[in-house]
Amino acid sequence: MKYACLVYNNPNDTASITDADLDRMIANWDVWMSELEKLGKHVFSSGLQSTVTATTLRKCNGQVAISDGPFAETKEILGGFTIIEARDLNEALIHAKKLAEICGGTVEVRPQFDPFADLIDPMDKRCAAAFKRSIENAESQ
Amino acid sequence: MNYICMVFNDPTELDRLSESEFGAVCRVCGDWVGELEQRGKHVFSAGLQSPTTAKTFRRQGSGVKITDGPYTETKELLGGFTIFDADSHEEAVAEASKLAAICKGTLELRPVMDPFAELSDPIDQKLARAIRSSMPQFMAECDPAAKS
């Protein structure tokens, strides 16, 4: 099963951290990621640029409205994420806890949506059923 | 340059869709990704399970506090994302506009962090310097000079 570790941080913290502390944090992150890589548990990682670079697109009255800035004006913002492979939630939580210790932000862990996985939430189940129907429809055409 | 297109939606709004509406949304969003794939522009996509499945890890003193539920208590939550390649910001916005017209929810588009790219924000520049100097293993994978 794949899990997303979403890292939220406060840009003011990054701005005020010393270069030496930032280097240490980044080096720890590098170790965390390469350990996952060696275990064959690393799927994909990406950092995101600051929210000053963000553009938000909303559909209003049938038209797409485009505005500068992030979707949500929160103090902490999504700064990046790693998708990991884990046997179960417990294993995912062990990796996520290590990340929370080193990354200088808050980590949210969520299982990746897989229409063929065992899903708990009723909305996810509906979504999986819709996905399967759309695959069947495409195959029958 | 790679851009991330994040989809934020309201689970209660999705719940109100009929089965056929739900299927139609899945199909058109799938087509959007398939079209990027055909043009060699698709990098990575993932959907996330509902916020009810989320756990949040916060630093507290020297330890980490784990709580059930998503990090943000907003009505609309990150439901999934696609990373794709675009030659310019305009091209990225045009691509994202296509998805915004067909998916349920609001999109946020942001360039991904590339330590070799020209970065406009001073915090991003600071972070890029730190990545270049302190992520030897990551850099070995993404350094364009090391690859060639």
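Is the crossing of α2(A) and α3(A) left-handed or right-handed? In this predicted model, the crossing of these two helices is left-handed. The contact is made on the side of α2(A) by A:Met25, A:Asn28, A:Trp29, A:Trp32 and A:Leu36, and on the side of α3(A) by A:His95, A:Lys98, A:Leu99 and A:Ile102. Sorted by class, the residues in the contact of α2(A) with α3(A) comprise six nonpolar, two polar and one charged.

The geometry of the pair was examined next. Helix α2 of chain A spans residues 19–38 and helix α3 of chain A spans residues 89–102. The two helices pack at an angle of about 165°, and their axes lie 9 Å apart. Because angles over 145 degrees count as roughly antiparallel, α2(A) and α3(A) are roughly antiparallel to each other.

A feature of the backbone was found in a loop of chain A. A:Asn61 is located in the loop between β3 (55–60) and β4 (63–68) of that chain. Although A:Asn61 is not a glycine, it has a positive phi of about 50°.

For chain B, the division into domains was considered. Chain B is divided into domain 1, covering residues 2–112, and domain 2, covering residues 116–148. Taken over C-alpha atoms, the centres of domain 1 and domain 2 of chain B are separated by 26 Å.

Conventions
Residues numbered from 1 in each chain as written. Chains lettered and ligands numbered in written order. Predicted model: local features only at pLDDT ≥ 70, side-chain atom pairs only at ≥ 80, totals over all residues. Helix = DSSP H or I, 4+ residues; strand = E, 2+ residues; numbered from the N terminus. Axes fitted to C-alpha atoms, helices over the stretch in contact; angles between N-to-C directions. Parallel < 35°, antiparallel > 145°, perpendicular 65-115°, else oblique. Left-handed = near helix turned anticlockwise from the far one by under 90°. Contact = placed C-beta atoms within 7 Å. Nonpolar A, V, L, I, M, F, W, Y, C, P; charged D, E, K, R; others polar. Domains from an automatic or database assignment.
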